[in-house]
Amino acid sequence: MAKPGLQPFALPRRIVSIPNLGRSRTGVVRLNLSKDLVELSKDKTKTWIQIGAALTALLVYLAIPTHNYYWDGITFALDVENAASLKSLLHPNHLLYSPIGWYVYRALGRSIRALYILQVLNAFFAGLAVYFLFGMVAKVSHSIRAAITLSALFALAGIWWRFSTDADAYILSVLLLILCADLLITSRPSRPFLVALLHILAMLVHELAFLFVMPACYWIWRHGAEGESQLVRFRRAMIYACTAGCFTLGVYVAVYCWRFGGFTFPAFFAFLTSHATGSGFSFSAIRNSWLTARSWAQVFLAGKMALVRYSGWLTRLLIGLSLVSLLFLLKTAFSYYRKGASIRIYDREVFRFAAIWLAVYASFLFFWMPENSFYKLFAWPAFILLLAGCWKSDLDRTSPGKPDLGSLLIAATVFCVLFNLSFAIIPYSRTSSNPALSFALRMGQTFKPGTVIYYDNFIVEDSFVRYFNPQTQWKRLGPVTTIDQDLQSVEAVWLDPTALRVLSTRDPDWYQRRTSGSRVEEFAGSKGPLRFVQLAPSRETGSPR
């Protein structure tokens, strides 16, 4: 029935796809205009808020980019700018990421440095992630308040915020996993081929996305069309898993054959499972527990107090607001506990799906590089979905006197945002937060065009010095006669820390002659002080030209 004061509106019979339609006894389709307009208004409001949340996140990321670059991003930028062909960019851990940056870099005419292109791309991908996560949380919780709060927590938590302004491969891969989850939750029955396609892309951007196969299989198995048997649902889950796995493996085989010109299984397996030096599994329960707890805490709250400039008025204001928000959070938590409120799960299926997603990654990362907080980004959307499953719907009017989880999460989100802004994002936006970057920029005034720098092993700090000094030439260490030839023909010759270490033991007399009285530049590296030394020509070789 129409509400008083509104007359039913008659529509032709062929219009059957409009919501809230009813039929009168005469067979004429009737539309309750008031209800439809309210629903349409709510949908439009939600869409605009969703777009606004994503754009706000994007503007925040672009406004305060990090200068505390993780070395992976510098390496990606070096590879993109120096690649002679696409083939050389195909790294097994992140097969598609460097090629994406390479194509954009070339499309812009090589006029913008690759590092800044990758940073802007990541900010854009992170904004898209906020957009789709907002929509997913709104569907799960039936609450705009939940969508705003949890998308803000997701976007402005410590590690996600930092890496959304960096140049690494994680953000795009996580965005694709969010799209997979959104498609799973909103489609009945699930569409295994489309989910598999998105998951394939996520794995090709970063290998660590492969663990999502377990929660995805669970959801597809549990949610089929009405009346479908368990066997049919299980078959659909296996179709998804086999499609994603076989296609991804096929891409890796094709890439390996193209890059190396043939195929042998032992070499291919080594290529597929290759990883950075120093990374691997750890099975020390006590050590792993401590590192895991610390790295998960850093997902929420990042930063270093030593980097904060306490003399600035803005810093003092933000720290003051952080303390106030912490007190408010503690008061809210105490009130929540004192009134006997308990966490209630409102959407059990989404909660189980998110719990499996989180548990799979948490279990694997307990043993694989437990100290790395940025690997936890692959499970970060799952944590947000867990909270969404426990958020009370805006339409739920039961127990109005009891505090709901939403108030506690709003207070926690405000504290996280202010803390991260004070101790991580603003300090990381300064060049001084990164000793390797500061050194590289300082040496830009010393290294003249054509300067040669010798290295034995290309360490993390080398990548900063090389990237921000493109006028230099880098050569792997060889016989000292080659160095003597360069001393006669180039502007200047320097040794990096690894070359210094090798030559001081391999050719100590030559090393002593060439470095005696030479210019030495030192800075604090990730594992202690590091020195770059300019070589002096001997009397026999003469002065450099």
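Reader: Which residues of helix 2 and helix 18 meet?
Author: This is a predicted model. In it, Trp71, Ile74, Thr75, Ala77, Leu78, Glu81 and Asn82 of helix 2 meet Val460, Ser463, Phe464, Arg466 and Tyr467 of helix 18.

Reader: How many of those are nonpolar, polar and charged?
Author: The contact of helix 2 with helix 18 has seven nonpolar, three polar and two charged residues.

Reader: At what angle do helix 2 and helix 18 pack?
Author: The angle is about 45°, and the axes of helix 2 (residues 71-82) and helix 18 (residues 460-467) are 9 Å apart. Helix 2 and helix 18 are therefore oblique to each other.

Reader: Is that crossing left-handed or right-handed?
Author: Helix 2 and helix 18 make a left-handed crossing.

Reader: OK, new topic. Where is arginine 476?
Author: Arginine 476 is in strand 5, which covers residues 473-476.

Reader: Buried or exposed?
Author: Arginine 476 counts as exposed, because its relative accessibility is 51% and the cut-off for exposed is over 50%.

Reader: What does arginine 476 touch?
Author: Leaving out residues up to four places away in sequence, arginine 476 touches Tyr454, Tyr455, Asp456 and Asn457. With aspartate 456, a polar atom of the arginine 476 side chain lies 2.6 Å from the backbone oxygen.

Reader: And how many residues apart along the chain are arginine 476 and asparagine 457?
Author: They are 19 residues apart along the chain, and their C-alpha atoms are separated by 7.8 Å.

Reader: What about serine 143, where is that?
Author: Serine 143 sits in the loop between helix 4 (114-141) and helix 5 (144-156).

Reader: Is serine 143 buried or exposed?
Author: Serine 143 is buried, because its relative accessible area is 2% and buried means under 20%.

Reader: Which backbone nitrogen lies 3.3 Å from a polar atom of its side chain?
Author: That of arginine 145 lies 3.3 Å from a polar atom of the serine 143 side chain.

Reader: Back to helices. How do helix 7 and helix 8 pack?
Author: Helix 7 (residues 170-186) packs against helix 8 (residues 192-205) at an angle of about 165°, with the axes 8 Å apart. That makes the two helices roughly antiparallel. Their crossing is left-handed.

Reader: Which residues meet there?
Author: From helix 7 there are Leu172, Ser173, Leu176, Leu177, Leu179, Cys180, Leu183 and Leu184, and from helix 8 there are Leu194, Val195, Leu198, His199, Leu201, Ala202 and Val205. By class, this contact of helix 7 with helix 8 has 13 nonpolar, two polar and no charged residues.

Reader: What about helix 9 and helix 14, at what angle do they cross?
Author: Helix 9 (residues 213-222) and helix 14 (residues 348-367) cross at roughly 155°, and their axes come within 8 Å. Helix 9 and helix 14 are therefore roughly antiparallel to each other. The crossing of helix 9 and helix 14 is right-handed.

Reader: Which residues are in that contact?
Author: Met214, Pro215, Ala216, Tyr218, Trp219 and Arg222 of helix 9 meet Glu349, Val350, Arg352, Phe353, Ile356, Trp357 and Val360 of helix 14. The contact of helix 9 with helix 14 has ten nonpolar, no polar and three charged residues.

Reader: Last one. How many helices and strands does the protein chain have?
Author: The protein chain has 21 helices and eight strands. Of its 545 residues, 49% are buried.

Notes: Residues numbered from 1 in each chain as written. Predicted model: local features only at pLDDT ≥ 70, side-chain atom pairs only at ≥ 80, totals over all residues. Heavy atoms only, no water. Axes fitted to C-alpha atoms, helices over the stretch in contact; angles between N-to-C directions. Helix = DSSP H or I, 4+ residues; strand = E, 2+ residues; numbered from the N terminus. Parallel < 35°, antiparallel > 145°, perpendicular 65-115°, else oblique. Left-handed = near helix turned anticlockwise from the far one by under 90°. Contact = heavy atoms within 4.5 Å. Nonpolar A, V, L, I, M, F, W, Y, C, P; charged D, E, K, R; others polar. Buried < 20%, exposed > 50% of the residue type's maximum accessible area, 1.4 Å probe, protein only. Polar contact = N/O pair within 3.5 Å; in protein donor to acceptor, adjacent residues only side chain to side chain.
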